[in-house]
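Colleague: Before we discuss this model, could you put it on the screen and take me through its packing step by step?

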Amino acid sequence: MKYLDKVKKSDKIYSLVTSLEYGDKLTVEYGVDRDGNVRRYNIQNYNSINKNRPAYSINEGVGGYGDSMNIETVTKTQLKAYTFDMMKNKTTYNFPIHEMKFIKVERKLKGEEYYIPEE
């Protein structure tokens, strides 16, 4: 797939991620586990201090519990994530946005949920 095709396919989720405000949550599906089950992730903006510099995280689990990574950079085609283990080893992963499937977005401060039907 050419870069411009990836940008075009990523546009909807990219726009949703960059529009997340403090406490908002975007749910996406990406990849499968060992048993072939689709994995579901939550992307959140957890920075309430500086609105000009949002801080995002991505986690797998219910209610914010489970495996989690910080998102260092949001590009037009990728979420560049990292985490540190207890021995201070850094692990990075680039989530390709064009391979994600949008499920829903929850706007915490407005008390709203949005679902986009499948195309």
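Modeller: A residue counts as buried when its relative accessible area is under 20%, and as exposed when that area is over 50%. Please keep in mind that this is a predicted model.

Colleague: Which residues of α1 are buried?

Modeller: An α-helix has 3.6 residues a turn, so residues three or four places apart point the same way. The cover over the buried residues of α1 includes β1, β2, β3, β4, β5 and β7. By the under 20% criterion, the buried residues of α1 are Ser10, Ile13, Tyr14, Leu16 and Val17.

Colleague: Where does α1 bend?

Modeller: With 16 residues, a straight helix would reach 22 Å at 1.5 Å a residue, whereas the end C-alpha atoms of α1 are only 20 Å apart. The bend amounts to about 55°, and its place in α1 is Asp11.

Colleague: Which element supplies the largest share of the largest nonpolar core?

Modeller: This core has 21 residues, and among those that touch the most other members are Ile13, Leu26 and Phe95. At least two residues come from each of α1, β1, β2, β3, β4, β5 and β7. The largest share, four residues, is that of α1.

Notes: Residues are numbered from 1 along each chain as its sequence is written. This is a predicted model: local features need pLDDT of at least 70, side-chain atom pairs count only at pLDDT 80 or more; totals for chains, interfaces and linings use all residues. Side-chain values use heavy atoms; hydrogens and water are left out. A nonpolar core is a set of buried Ala, Val, Leu, Ile, Met, Phe, Trp, Tyr and Cys residues joined through side-chain atoms within 4.5 Å. Buried means under 20% relative accessible area, exposed over 50%, partly exposed in between (1.4 Å probe, protein chains only). The expected span of a helix is 1.5 Å times one less than its number of residues. The bend at a residue is the angle between axes fitted to the seven residues ending there and the seven starting there. Contact means heavy atoms within 4.5 Å.
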